[in-house]
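Colleague: Hi! Could you walk me through this one? I'm new to reading structures.

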Amino acid sequence: MAIAKAERLMNLALCLLGTRRPLSKRELRESIEAYLEAGSDDSFNRMFERDKDDLRELGLVIETVENLDGEVGYLARRDSNRLPPITPDAEEAAALGLAAKVWQQARLAGAASGALQKLRAAGLPEDVDPYEAHGALEPRIPVHEAAFEPLMLACRDRRPVVFDYRKATAARPEQRHVEPWALECWRGHWYLAGWDRDRGAERVFRLSRITGKVRSRSGRFTAEIPDVVTVRETVASWAGENADRSALIRLRTDAGYPLRAKATAVRELGDGWDELEIPYGHGLDAWLVEFGPDVVVLEPAELRADVVDRLRAVAKG
């Protein structure tokens with residue numbers, strides 16, 4: 001069985017690499033003997049999807065293309081699956097090893113280890129152990145969100161996705177159709193940047209607010225991917241990091257520690273309340289709503305109005 005599967009994967013890879021146009025499932029089934037022997041369409045579809053995922057895990061970049069008739073085809077372009085000669089020096093090898101150590105506690109640990117093995121085969125200096133370099137550093141990036149892995153694969157394979165997303169100010173999640181561009185970690189939280197098809201604009205999504213499963217969709221991206229995806233800058237702007245004004249709020253004593261950490265001035269009011277002056281930038285209203293009844297906005301008036309509007313929207317469900 002292992003030999004048969006390896007042969008099947010090799011034949012599928014050769015078909016995808018050897019074609020100049022996308023091949024449909026029907027054409028691939030007619031070209032590969034193992035697929036012809038599949039007992040039913042369902043058996044073939046399951047076998048093909050597993051094989052395609054296995055090839056992608058092995059590093060083959062498989063494109064999914066939809067023609068004018070809506071038929072989906074597959075191909076692996078040679079220029080997307082060819083690497084130039086790799087000759088990293090000791091410092092570059094150390095950087096690669098450090099990056100790999102980051103993922104040792106995540107689902108990408110196996111992929112990171114496999115990548116280093118491939119680099120060894122491609123010319124990584126034999127006298128350099130990338131895992132031991134800078135051993136005093138123990139970097140870790142926690143990945144607890146179930147949405148991370150399917151989104152990471154969708155970003156890699158340029159596949160549109162669908163997921164349910166609950167905004168901070170919404171009582172229920174909404175379905176979002178997204179073309180994923182990049183994932184980035186900022187202050188302990190993972191964010192996805194991509195093109196929101198429903199809104200026709202670039203959006204950033206916090207993974208912890210994605211509910212349910214992330215589902216892949218066929219077809220190619222409709223929006224151009226920017227050369228630089230500024231995930232952190234966008235989130236920082238929404239969080240008021242780039243603020244040029246100040247807001248005055250009342251905050252319950254012993255509550256809202258993230259707000260207290262940002263405060264430029266704090267004054268005790270008594271009766272269980274404090275008065276804080278905090279930076280005011282884009283997205284501050286959405287953040288304040290997350291603290292519910294523990295926060296009261298005093299000024300400016302437009303911020304107070306925005307927070308009240310958001311709270312009313314949540315109350316209406």
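**Strands, a sheet and a cavity**

Modeller: Happy to! Strands here are DSSP runs of E with at least two residues, helices are runs of H or I with at least four, and both are numbered from the N terminus. This is a predicted model, where local features need pLDDT of at least 70 and side-chain atom pairs count only at pLDDT 80 or more, while totals for chains, interfaces and linings use all residues. Residues are numbered from 1 along each chain as its sequence is written, and side-chain values use heavy atoms, with hydrogens and water left out.

Colleague: How many bridges join E1 to E3?

Modeller: Two, and the strands run antiparallel; E3 covers residues 72–75. Two strands count as paired if DSSP finds at least two bridges between them.

Colleague: What order do the strands of that sheet have?

Modeller: The order is E1-E3-E2, in an open sheet of three strands with antiparallel pairing. Strand E1 (23–24) and strand E2 (63–66) are the edge strands, each pairing on one side only.

Colleague: Next topic: which strands form the sheet with E10 in it?

Modeller: Four strands do, in the order E10-E11-E9-E12, again as an open sheet with antiparallel pairing. Its edge strands are E10 and strand E12 (295–299). Neighbouring strands are turned by 30° against each other on average, direction ignored, with axes being lines fitted to C-alpha atoms (for helices over the stretch in contact) and angles running from 0 to 180 degrees between N-to-C directions.

Colleague: Which strands does H11 touch there?

Modeller: H11 packs on the sheet and touches E9, E11 and E12, and its direction makes about 150° with that of E12. Contact means heavy atoms within 4.5 Å.

Colleague: And which residue takes a positive phi in the hairpin of E10 and E11?

Modeller: Asp271, with phi near 55°; the hairpin has two residues between the strands.

Colleague: Last one: what volume does the largest cavity have?

Modeller: About 30 Å³. A cavity is a set of points on a 1 Å grid over the protein atoms alone where a 1.4 Å probe fits but cannot get out, and lining residues have an atom within 4 Å of a point. Helix H10 (284–289) and helix H11 (301–316) each supply at least two lining residues; the lining includes Leu288 and Leu311.

Notes: 1 Å grid on protein atoms, 1.4 Å probe; cavity = no way out; pocket = protein on both sides within 12 Å on 5 of 7 lines; lining within 4 Å. Points joined across faces, edges and corners; volume = space filled by probe spheres on them.
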